[in-house]
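The following paragraphs lead the reader through a single structure, from its individual residues to its overall division. Please keep the sequence and the model in view while reading.

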Amino acid sequence: MSDSRAQIREEIRAVLETFPHSPKAHVQSFGCQLNFCDGEKYKGILQDLGYELTDTPEEADVILYNACAVRAHAESRVIGRLGALKSIREKNPRLIVGLCGCMAEEEEVRALLRKSYPFVRLVLGAGAMERLPEALLSVYRGEKRHETLQFAGLPDETLPTVRESTFQASVPVMYGCNNFCTYCIVPYVRGRERSRTPEAIEQEVRGLIAQGCREILLLGQNVNSYGRGLETEISFPALLRRLDAIEGDYFIRFMSSHPKDATPELIDTMLSSQHIEHHLHLPVQCGSDRVLKEMNRHYTLETYLKTVDYARSKSPDFGFSSDLIVGFPTETDEDFEGTMRIIEYVKYDNLYTFIYSPRTGTKAAQMEFVSTQEQIAARMSRLLARQREISEEFNKRFLGKQVRFLAEKRDPETGLLLGKTREGLVLEAPGTESDIGRLLDVKVTGVKNWALGGEILRGTNDAE
Ligand code: SAM
Ligand code: SF4
């Protein structure tokens with residue numbers, strides 16, 4: 001830690017010592033996995049400064065909302081939370097409320113905060129998280145409102161992190177995005193692509209595996225463009241091979257892959273690996289070439305399906321999931337029929353579906369809607385209903401097979417463990433509390449909607 005950082009920490013600790021109780025901080029993250037991963041760092045920083053972390057906002061001295069800008073709905077939830085803080089603020093005059101993450105990067109959000117939520121005294125943009133201590137200190141010194149916005153570099157590798165799980169961990173490999181899909185706000189609020197070095201990533205992953213972590217989730221807005229711009233350029237498949245060589249019993253997952261950059265080399269690397277999932281999250285967004293062009297996605301359905309066909313020709317069980325936007329402004333019924341055809345063809349295991357949400361500053365926000373909201377809602381219902389049937393039908397391919405699965409949690413009422421297989425499928429199996437956090441061999445005995453049912457093969461698993 002540099003002198004100034006150490007000084008800032010000491011000064012904050014001195015302030016906290018004047019509190020009549022032990023200081024507490026509450027951090028809540030909204031949105032994507034990357035935001036939750038940032039949230040673990042905000043927690044680490046606050047803990048390092050001397051705050052005890054709490055899940056109860058009522059007892060906090062710092063409340064930090066780490067908010068996502070991708071869709072309006074998530075933003076409204078955060079604004080709602082801020083509005084509901086009135087009684088907590090009245091009870092604790094020391095309370096500092098902060099908004100951070102990519103939502104804080106939007107000028108219209110900051111204007112709204114200035115006008116209607118002046119008690120939000122700390123505003124930190126995505127990528128400015130290591131500035132949290134100095135931001136807090138300036139507020140403690142009396143600054144009415146501290147704003148630090150975009151910081152284009154990489155977060156400090158030494159930032160402390162409070163991980164939510166002992167057996168699953170998210171590891172960002174890159175930040176930002178260069179793609180400028182016309183509906184998406186990410187490039188404006190998270191900046192241009194920049195990658196961590198393979199050495200830093202490998203060191204973090206090795207450390208996690210040595211501590212017993214069983215699932216590493218590599219994160220980036222477009223992981224396939226990982227490595228561009230590094231002093232020694234390295235491709236994402238090369239990074240995967242480097243990580244896969246680490247000894248241990250663990251899965252590697254990653255998201256998201258942009259279809260324009262998903263190569264046969266990526267699929268080959270996954271299939272020949274020891275640890276990488278046999279499942280690709282490959283967001284198609286829409287099943288119409290015309291709309292894909294207007295979305296600025298840089299692939300056609302033909303090239304997208306080539307990747308799907310290639311993977312399935314090598315491994316028929318290979319799984320895909322996708323993001324789909326319904327109701328892009330120029331989407332017609334005919335375009336939507338293309339989306340229905342795509343889900344029939346690919347047979348996704350899982351879909352993340354979104355009603356299009358206009359984002360100020362993006363190109364699509366200027367486009368006129370050609371469909372009504374009722375038509376769009378009806379399309380969404382049809383999509384979800386058909387996808388449920390497809391998942392159930394296609395998941396039957398695993399019936400009777402042996403799969404490996406990570407037990408993530410257990411429902412005490414049913415005694416069922418819930419987790420994911422190496423193929424990325426949700427699986428439920430009867431088990432005990434001590435199975436949580438373990439990789440287990442399971443025989444698939446049933447299929448229910450999007451989930452597999454199974455029986456743990458006792459005797460073949462570790463520590464037995
Ligand atoms: N970089 C990833 C990719 O291109 O696949 C996705 C990251 S984005 C944060 C996650 C998903 O949010 C996108 O794949 C898209 O489906 C959805 N999304 C982004 N902007 C949206 C918008 N304005 N309205 C609705 N959904 C949106
Ligand atoms: Fe947004 Fe497109 Fe970048 Fe994904 S690739 S983050 S959808 S701009």
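Does Gln285 count as buried or exposed? At 7% relative accessibility, Gln285 counts as buried, where buried means under 20% relative accessible area, exposed over 50% and partly exposed in between, computed with a 1.4 Å probe on protein chains only. The model is predicted, so local features need pLDDT of at least 70 and side-chain atom pairs count only at pLDDT 80 or more, while totals for chains, interfaces and linings use all residues. Residues are numbered from 1 along each chain as its sequence is written, chains are lettered from A and ligands numbered from 1 in the order in which they are written, and side-chain values use heavy atoms, with hydrogens and water left out.

Gln285 is found in the loop between β12 (279–281) and α11 (289–294); helices (H or I, at least four residues) and strands (E, at least two) are DSSP runs numbered from the N terminus. Although Gln285 is not a glycine, its phi is positive, at about 75°. Lys347, also a residue other than glycine, has a positive phi near 55°. Lys347 lies in the loop between α13 (333–346) and β14 (350–355) and is partly exposed, with a relative accessible area of 33%.

Helix α13 also holds Thr339, which counts as buried at 1% relative accessibility. Leaving aside residues up to four places away in sequence, Thr339 touches Cys286, Gly287, Leu324 and Leu383, contact being heavy atoms within 4.5 Å.

Another loop, between β11 (251–255) and α10 (264–271), contains Ser256. The peptide bond from Met255 to Ser256 is cis, with omega near 0°.

Helix α2 (residues 33–49) has 17 residues and spans 25 Å from its first C-alpha to its last, close to the expected 24 Å; the expected span is 1.5 Å times one less than the number of residues. Because 13 of its 17 residues are buried, α2 is largely enclosed by the rest of the structure.

The residues around ligand 2 include Cys177, Phe180, Tyr183, His258 and Arg297, a residue being near a molecule if one of its heavy atoms lies within 4 Å of it. This shell divides into 7 nonpolar, 3 polar and 1 charged; Ala, Val, Leu, Ile, Met, Phe, Trp, Tyr, Cys and Pro count as nonpolar, Asp, Glu, Lys and Arg as charged, and the others, Gly among them, as polar.

Finally, the protein chain is assigned domain 1 (3–148), domain 2 (165–277), domain 3 (279–396) and domain 4 (399–461), with bounds from an automatic or database domain assignment. The centres of domain 1 and domain 4, taken over C-alpha atoms, are 38 Å apart.
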